[in-house]
Amino acid sequence: MSAATQSATGASRFATTLIDLLDRIEYRRVSPADQLDPVYRLRYEAYRREDFVPINSQQVTRDEYDDATNCYCFGVYIDGELVSSIRFHHVTSQNRTSPSRTIWPEVLEPMLDRGHGYIDPSRFTADHDASLALPALPYLTLRIVAMASEYFPVRYTISSVRAEHAAFYRRIFGSERLADERFWGELKFPVCLYAAEVPTIRDRVADRFPFFMSTPEEREHLFGNGAGRHQAIAPTARMAHRLRQMEMAQG
């Protein structure tokens, strides 16, 4: 077996494993009105574990960006247990609320001025034990961002990430670095800015990592105007992958 074949087989086996694991996953959107949602406690615990944020009596980590009208925050649950969380902002020229824009306004403002909207993920945190038991947890969590990039009419998905995590975003999403390292908010570590051009990488990422795929119905349930807070949404990657295979066979 050639190295290329072994690599493809390994990638296929990994993708199948992730799709199987998604059968145990649920996504739940956080209500901004619930300031003690378990997601905010998970953030606090994750940041305190590495002394990234100061101690507070409520033991939650929230900021003004959680209350923005273009903010979408989710918890990821496996077998009913919260294991990770992420939020993102859908940023447009009309609604420019964006944590990353606060850090790099001279880079992102011109992008918005040209009419190029983007998805801005942030506050990606995970339960310590779950992250050790499930090395694939970042993929399961970032699937939310992949779906948002498909649902909303954006040109870019950006990433404000620590330098040691940048290789992951380059490898998986083809992200390219846009700016230097800077600090943000109360966090005690610097982040750098990366961006992936959605129309360019969408099909390649879906073909290589089919667990990022989803049906329009799932995306509507997660992000649509009628999306219910606290409603558990089951992933549809398996169904979406089968539909794509059928379309390719017919084509």
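1. Phe88 in strand β3 has Pro121 as its bridge partner in β4, and these two strands, β3 and β4, pair in the antiparallel sense over seven bridges. Strands here are DSSP runs of E with at least two residues, helices are runs of H or I with at least four residues, and both are numbered from the N terminus; two strands pair if DSSP finds at least two bridges between them.

2. This is a predicted model, in which local features need pLDDT of at least 70 and side-chain atom pairs count only at pLDDT 80 or more, while totals for chains, interfaces and linings use all residues. Residues are numbered from 1 along each chain as its sequence is written, and side-chain values use heavy atoms, with hydrogens and water left out.

3. Strand β3 (residues 81-91) also pairs with β2 (residues 71-78), in the antiparallel sense over eight bridges, and within this pairing Gly75 is bridged to Ser85 of β3. The two strands form a hairpin with two residues between them, and Asp79 in the turn has a positive phi of about 50°. Strand β3 is mostly covered, since ten of its eleven residues are buried, where buried means under 20% relative accessible area, exposed over 50% and partly exposed in between (1.4 Å probe, protein chains only).

4. The largest pocket has a volume of about 940 Å³ and is lined by 34 residues, of which Phe124, Thr125, Arg162, His165 and Tyr169 lie nearest its centre. A pocket is an open set of points on a 1 Å grid over the protein atoms alone, where a 1.4 Å probe fits, with protein on both sides within 12 Å along at least five of seven lines, and lining residues have an atom within 4 Å of a point; the volume is the space filled by probe spheres set on the points, which are joined across faces, edges and corners. The largest share of this lining, seven residues, comes from β4.

5. Ile103 is found in helix α3 and is buried, with a relative accessible area of 10%. Not counting residues up to four places away in sequence, Ile103 touches Arg182, Phe183, Trp184 and Val191, contact meaning heavy atoms within 4.5 Å. The C-alpha atoms of Ile103 and Gly185 are separated by 9.2 Å, although these residues are 82 residues apart along the chain.

6. In helix α9 (residues 216-223), the buried residues are Glu218, Arg219, Leu222 and Phe223. They cover an arc of only 105° around the axis, which puts them on the same side of α9; the arc is that of the directions from the helix axis to the C-beta atoms.
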